[in-house]
Each structure stands twice: as C-alpha cells, then as structure tokens.
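Here are my notes for you, written the way I'd jot them for a colleague. Have the structure open while you read, and find each residue as it comes up.

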Amino acid sequence: MSTEEHGRAAALRFRREHHLGVQPLGDLVAIIEQVTGYDVAVLDAEPDEHGLTVRDPERGTVFIGVASTPNPMRQRSTLAHELGHVLFGDWLDSDTGHWSARRDEEIRADAFARHLLVPREGLQEFLGDREFASEADLSSVVQRFVVSPPIAAIALHGAGYIDTSAKREWLESRTPQLAFRFGWIDHYRALQADSQQTRAPQRLLARAITGYTEGILPAQSIANLRGITAEQAEKELEAAGVAPTVRPAAWSDAEDLPDVDVDLGALDELLNAPDDGGDSSDGTAKDDG
Amino acid sequence: MTHVGARIERARMDAGTSQRALADRSGISQATLSRIISGERTAKMPEIVAIAWATGRTVAELAGVARTADRAQCAARATNGSDADGMRQKLLSFLELNDFLDDQAIPATIGGDTEDR
C-alpha cells in the first residue's frame, strides 16, 4: 500500500470509528479533544513552528500544539497532520529536532490530513454527478470544507472532477482571493479571527482549575495555560465564582484528646522473650567471669 | 537550560512578570533573586518552592528534577529547519503540570481516560 493509500485508509477509519460521517468537520480543535481525549492547544509560536505533538509514553498523555495564525486553512491541515502522526505512532525523542528528515511519515500524515478534511464521499455528495468542476466549485469546496485551494484541488482531481492541468493551475490559488471573488470574504475574516485566537488545552485547564480550588495551584498556573496575566486570571476566576477552598485547621489541646486503652502486653512479652542464641532472659549480657 | 537560575528566568518570562514583581510575590529580595537567576547563588529549596508558586510552575520543573521532558516523544511540522523549540517547551510544561496534577490526585473533570496508543 502506498503512503497515500495508507493515509486515506486511516482517515476513513478515523471518521468511521468516531461516527463523523462524510460531512465537513467543524471546529477541529474541539472534535479532536472530544473524540480522542487528547488535549489540543493553539499557541503563539515562531513563524516556522506550525505544529508539534508531545506524548508521555509512561502515562499515555498526548498534547497537540498548533500555531495561532491568520491562515485558518493551514492551521486545520497542520492539526489534522499532527493527528495523523499520533495515530500512526510517528514518534521521535523530543530533543531530536530534525523534523524534515522523515519524508515518508510526513507524506503519510499529509495524505491523512487531506482525506480526513475532504473525504471523497463527502465531496461527491456535495458536488453530485456533475462532470467537471468550475472555479466557483473550487471556491465552494474551499469554503465548505475549510481547506486550502491546493488540498481542494487534489481532492477534486482524485475524485475525477478536474484534469491534471486544472489541478496544476488551482494548486496556485489563494484562499483570500477566492473568498473575495466569490463573495465569502466576511466568512473568511471570521475564520481568520478564530484561528488567531490562542486556546488552552481544555482538559488540562479544567483540571488545573480544580487544582486551584483545592489550593494546590496558584492563579498564575491558570494564567500560564491561558496566556494571560495572573491579575486577569484572578479576575476571571473570581467572576466565575471559583475560589480556593479554605479548610481551617481544627486545633485542640492535648487534654481534649480521648483516653485510649492501649494493651502493651504483647510488646512486653516480646521484649522479655529469650534471644535466638538462648542468652539471658532478662536481656542483660552474661558475665563470662 | 543548565542551571536552576536559567529555568527560573524562563519561567519568569513565560509568566510575563518582571524580576521586581517576582521578588515581591515570592518574598525573596530582588538582589537575591537576581543572583539566583545569574547562577551566582544556589537557590535553596524554600526559595524554589516560593518561586514555583509565584511563576505557576512545579517545583520539580524549576529544580530540574522533572522526568517528563526525558520521557516525552514528539512529532512536529516545522519549516526552514526550525527545531520548534518554543512550542516544544510550552507543551513539555503542559505535560509536567499534568503529571503534577496526577501526583496530587486531582481528577479530570471532563472527557474519559486518555487512550494509550
């Protein structure tokens, strides 16, 4: 099986196992968090850091991170690509750092991402049995499945809606231009606002808030997860009615303690018992005199 | 990251707080804090505990005894030879916090158990 087919088969399996049908996936961050139990974070990152996943093999914990970006289509494909790595188990030790060296795994994760975001069956359901797709169709597919024009073009070509030369041409298309020309630029701006928003890993944040109410984490830990200041975190926690539980220590005098009946008979017996060597029974050393 | 001071400095920057504010919040004098950060002075455990609370990090993370970073495995998408270190550090600190909450027996409030794949 080629890497492309591997990626496609895994994407189909993922959708089937999690009852996702063939429809476009809405908020991919929430979907991944809900169906896999892995936490996803959208983080401010350097320009060349798109996505990264860490896993603790001992505890089975997985965190997927993607960069906040004004390019919502790329963010979704990066997120789907990272999910592919998790499902295929493409792990390297965390300090390896040469992420471009593993071409086959990258190609497979890319294929997984494309087929997860635009399943062929979903595309066929959307476009019906028309013979050729127009540029307006490309725009509709990009808007509906929230994918980049290259991903849409590859999917359209794979489903037989366009020939190789149209695919080649549309690989160069840009989402903002399509969105502008076909009248959904406002929708695109809303998607951009969403993909630029940082997001804390939801399960960890909820758990950290429990830790805060238990008094074992400071508000600063919540602030770190949310990417806000401690003062803002404190204000938000207070506004939500979340406060550390105060557990007053119950002090009492020693005289207030109840009398306890302790039977030390067994201990006395043990202390008076002869040693293994059969020496003196009262525990004192014999004088050799 | 070789010494405690460097880890403290990174935690301070991630928390978006100044050295002066960190000194106030941890109850450690600014001069002492500055010497700890530069590596001139070894941080005592009570000081690390106070700084961990003030920066929202775990003591193990600042003291450099956290094992999560050694165990962690990664998969990344980066371009132009980026080692994605900034993102890696953030995610490792999530792992560390998660580990700490496990050890403190703080239960998950949403979702099921994470599957180990």
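1. First, a caution: what you're looking at is a predicted model. Keep that in mind for everything that follows.

2. Let's start with how the two chains meet. On the chain A side, 63 residues are in contact with chain B, and 51 residues of chain B are in contact with chain A. Together the two chains bury about 5400 Å² between them. Of that area, 55% is on carbon and sulfur atoms. In case you wonder about the unit, the size of an interface is often given as the accessible area lost when the parts come together.

3. Now for the polar side of that interface. There are six salt bridges between chain A and chain B, and 18 residue pairs are in polar contact across the two chains, counting pairs with both residues at pLDDT 80 or more. Which parts of chain A touch chain B? Elements giving two or more residues include the strands S1 (39-43), S2 (49-56) and S3 (61-67), as well as the helices H4 (103-117), H11 (202-213) and H12 (219-226) of chain A. By class, this side of chain A has 24 nonpolar, 21 polar and 18 charged residues.

4. Zoom in on A:Arg59, please. A:Arg59 forms a salt bridge with B:Asp99, with the closest N and O atoms 2.6 Å apart. A:Arg59 also forms a salt bridge with B:Asp102, and here the closest N and O atoms are 3.1 Å apart. This second pair crosses between chains: A:Arg59 sits in the loop between S2 and S3 of chain A, while B:Asp102 is in helix H7 (residues 85-103) of chain B. As background, side chains of opposite charge can pair when their charged atoms come close. Over all chains, the structure holds 21 salt bridges.

5. What is chain B built from? It has seven helices and one strand, and along the sequence they follow the pattern α-α-α-α-α-α-β-α. The C-alpha atoms of chain B fill a box of roughly 50 × 40 × 20 Å along the principal axes.

6. Back in chain A, look at helix H1 (residues 3-17) and helix H3 (residues 72-88). Their axes come within 11 Å and cross at roughly 90 degrees, which means that H1(A) is roughly perpendicular to H3(A). From H1(A), the residues A:His6, A:Gly7, A:Ala10 and A:Phe14 meet A:Leu83, A:Leu87 and A:Phe88 of H3(A). That contact has five nonpolar residues, two polar and no charged.

7. Compare that with H12(A) and helix H13 (residues 230-239) of chain A. Here the axes come within 8 Å and cross at roughly 105 degrees, so H12(A) is roughly perpendicular to H13(A). Among the residues making the contact are A:Ile222 and A:Arg226 of H12(A), plus A:Ala233, A:Glu234 and A:Leu237 of H13(A). By class, this contact has six nonpolar, one polar and three charged residues.

Conventions. Residues numbered from 1 in each chain as written. Chains lettered and ligands numbered in written order. Predicted model: local features only at pLDDT ≥ 70, side-chain atom pairs only at ≥ 80, totals over all residues. Heavy atoms only, no water. Axes fitted to C-alpha atoms, helices over the stretch in contact; angles between N-to-C directions. Helix = DSSP H or I, 4+ residues; strand = E, 2+ residues; numbered from the N terminus. Parallel < 35°, antiparallel > 145°, perpendicular 65-115°, else oblique. Contact = heavy atoms within 4.5 Å. Nonpolar A, V, L, I, M, F, W, Y, C, P; charged D, E, K, R; others polar. Buried area = accessible area lost by both parts, 1.4 Å probe. Salt bridge = Lys/Arg side-chain N within 4 Å of Asp/Glu carboxyl O. Polar contact = N/O pair within 3.5 Å; in protein donor to acceptor, adjacent residues only side chain to side chain.
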